[in-house]
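The following questions and answers accompany a structure. Please keep the sequence and the model in view while reading them.

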Amino acid sequence: MNEPIRLIVLGGFLGSGKTTSLLALARYYAGLGYRTAAITNDHGSIGFDTQTIRAQAIEAREISEGCLCCRFRDFLYAADDLLNSTKPEIILAEPVGTCLNLPRGLLLPISRYTGERYTTAPLSVLVDPHRYREMKNGNRAEDCVRYLFEQQLREADILVVNKCDTLSDKEQDEVLAGIRADFPLAQLKPISAFRGDGMESWGRYLLDETWQENPQRSAVDYDRYIDAESSLGYLDCELAFRSEDELDLIALTRGGIALLKDRFEEIGARVAHVKTAGSSGRGSFRVHWTGLGEPEWIAVEKALESADCLTVTVRAKGDPDRIAEVFRATFQEVAAVQRAEPIFRSLRAFRPRPPREGKMR
Ligand SMILES: Nc1nc2c(ncn2[C@@H]2O[C@H](COP(=O)(O)OP(=O)(O)OP(=O)(O)O)[C@@H](O)[C@H]2O)c(=O)[nH]1
Ligand SMILES: [Mg+2]
C-alpha cells in the first residue's frame with residue numbers, strides 16, 4: 001500500500017499571508033525532494049490565489065463558492081483528483097480567510113473517512129502581527145470579526161506569526177509574548193514567508209508524526225461566525241479598457257487603488273484584503289492591500305492575460321452593493337483620466353453564504 005499523503009492546512013484571517021506561505025512551503029519541500037500540490041478556496045469563482053499558485057508551476061485545484069468545511073465532499077474530490085493525476089506527496093490547502101471550525105469541519109472527517117489515503121498535519125494558522133495588534137487594541141474591528149479572528153487563533157495547533165520582516169526585534173518579542181500569553185497551548189513559529197525566515201523549523205514540524213493536538217480548542221459560536229462572515233462583503237470583478245491611445249495600466253491601477261482607499265473610508269467600508277492582478281504590454285503585476293499600511297506591488301513575470309485587463313477581488317466589512325457602486329465609479333473616473341472606458345466583463349458583489357454547522361455538501 002502507498003504511504004498516505006501529508007495534508008497540510010494553512011488557516012488564518014484574510015491577508016495574513018496564507019498563499020505567500022503556501023508558496024514558501026512548496027519551495028522548501030521541493031528543496032527536500034517532495035512533490036507538492038495545492039487546494040485553494042474562494043467565495044467567488046475568479047480564482048485569484050489559484051492563478052498565483054499555478055504561475056509558480058504548482059498543480060492546484062480550486063474549491064469555489066463556499067468554504068472547505070461546507071464543501072467537504074468537493075474537497076475530497078479535489079484531493080483524490082490530485083492523488084490520481086500528479087501523485088503529490090504533500091498537499092497544501094488554503095481555506096478562505098474567514099473559515100472557522102477547521103479541526104472539526106475538515107481535519108477530523110479527513111482522518112475519520114480517508115485516513116488510509118491522507119494523514120493530517122497540525123493545523124497552522126497564519127497571523128499578521130499588525131492585524132493582531134489592531135484586533136487587540138480593538139478600536140477598529142467590530143465584535144463579530146474580532147471573534148472570528150480570535151477563534152481562528154484558538155483553533156490552531158501552530159500559530160505562525162508571519163511578516164516578521166516588518167517588525168523590529170523588540171516589536172517581534174512583544175508580539176510573540178502577547179500571543180503566547182493569550183494562546184499558551186499552541187506552538188509558536190515566527191516566520192517571514194517573504195524572506196524564508198523560520199521556514200525550516202515550521203516546515204519540519206509539519207512533517208513530524210508525533211505532533212500533539214492543541215487541547216485548548218473550544219466550540220464555535222455559529223451565530224457570531226455567521227455574523228462575521230456575512231458582515232464582510234465580497235466583490236470580484238474582471239475589467240478591460242477601451243481606449244484610442246496607449247493605456248498606462250499601472251498608473252491607472254495606482255490611481256484606482258488610491259481613490260478606492262478614500263472612497264471606502266467615506267462609506268465606512270473597512271478593507272480586509274483587496275487583491276488585484278493586472279496585465280498589459282508594459283508587464284504584469286499584482287497589488288495587495290490589507291487595509292493596514294500601504295498597498296503592496298509585486299511584479300509578476302508571466303502575463304496572466306494578454307490584453308490590458310485587471311482582476312480584482314475585495315473583501316471588506318460593509319454593504320457589498322455600496323462597495324460595488326463605489327468600485328465601479330472609481331474605475332470609471334480613473335479610466336477617464338486616460339480617456340479610456342472600463343468594460344466590466346464581470347462584476348459580482350455579495351455577502352457570502354452563511355456557513356452551515358455540521359452540514360457536509
Ligand atoms: N512583509 C511581508 N509581507 C507578506 C509576507 N507574507 C505575505 N505578505 C503580504 O501580505 C499580503 C497578503 O498575502 P497573501 O499571501 O495573499 O494573504 P492570504 O492570507 O493568502 O490572503 P487571502 O487569500 O485574501 O485570505 C500580500 O501583500 C503579501 O505580499 C511576509 O512574510 N512579509
Ligand atoms: Mg490567499
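**Helix, domains and ligand**

Q: Which exposed residues lie on the face of α11 turned away from its buried side?
A: The model discussed here is a predicted one. On the face of α11 turned away from the buried side, the exposed residues are A329 and A336.

Q: How large an arc do the buried residues of α11 cover around the axis?
A: The buried residues of α11 are P320, I323, V326, F327, T330, F331, V334 and A335. They lie on the same side of α11, because the arc they cover around the axis is only 160 degrees.

Q: Which elements are included in what covers the buried residues of α11?
A: The buried residues include F327 and F331. Among the elements that cover the buried residues of α11 are β9 (232-243), α10 (249-266), β13 (309-317) and β14 (340-350).

Q: What distance separates the end C-alpha atoms of helix α11?
A: Helix α11 covers residues 320-337, which is 18 residues. At 1.5 Å a residue, the helix should span 26 Å. The model agrees with this expectation, since the end C-alpha atoms are apart by 26 Å.

Q: Is R339 buried or exposed?
A: R339 is found in the loop between α11 and β14. Its phi is near 50 degrees, a positive value in a residue other than glycine. Most residues other than glycine have a negative phi. With 10 C-beta neighbours inside 10 Å, R339 counts as exposed.

Q: Is N101 buried or exposed?
A: N101 has its place in the loop between β4 (90-93) and α4 (102-114). The phi of N101 is near 70 degrees, a positive value in a residue other than glycine. The cut-off for a buried residue is 20 or more other C-beta atoms within 10 Å. N101 has 23 other C-beta atoms within 10 Å, so N101 is buried.

Q: Which elements do the buried residues of α8 pack against?
A: In helix α8 (residues 199-207), the buried residues are M199, W202, G203 and L206. Seen down the axis of α8, they fall within an arc of 95 degrees, so they line one face of the helix. The elements that the buried residues of α8 pack against are β1 (5-12), α1, β7 (158-161) and β8 (187-190).

Q: Which element gives the most to the side of domain 1 that touches domain 2?
A: The domain assignment gives domain 1 (5-220) and domain 2 (230-350). In contact across the two domains are 18 residues of domain 1 and 20 residues of domain 2. On the side of domain 1 that touches domain 2, the elements that give two or more residues are α2 (48-54), α5 (129-137) and α6 (143-155). The element that gives the most, with 3 residues, is α5.

Q: Which helix gives the most to the shell around ligand 1?
A: Ligand 1 is surrounded by 21 residues, and the closest are G17, T19, T20, G97 and H288. The shell draws at least three residues from each of domain 1 (5-220) and domain 2 (230-350). With 3 residues, the helix that gives the most to this shell is α1 (residues 18-31).

Technical notes:
Residues numbered from 1 in each chain as written. Chains lettered and ligands numbered in written order. Predicted model: local features only at pLDDT ≥ 70, side-chain atom pairs only at ≥ 80, totals over all residues. Near = placed C-beta within 6 Å. Helix = DSSP H or I, 4+ residues; strand = E, 2+ residues; numbered from the N terminus. Domains from an automatic or database assignment. Expected span 1.5 Å × (residues − 1). Buried ≥ 20, exposed ≤ 12 C-beta atoms within 10 Å, placed from the backbone. Arc of directions from axis to C-beta. Contact = placed C-beta atoms within 7 Å.
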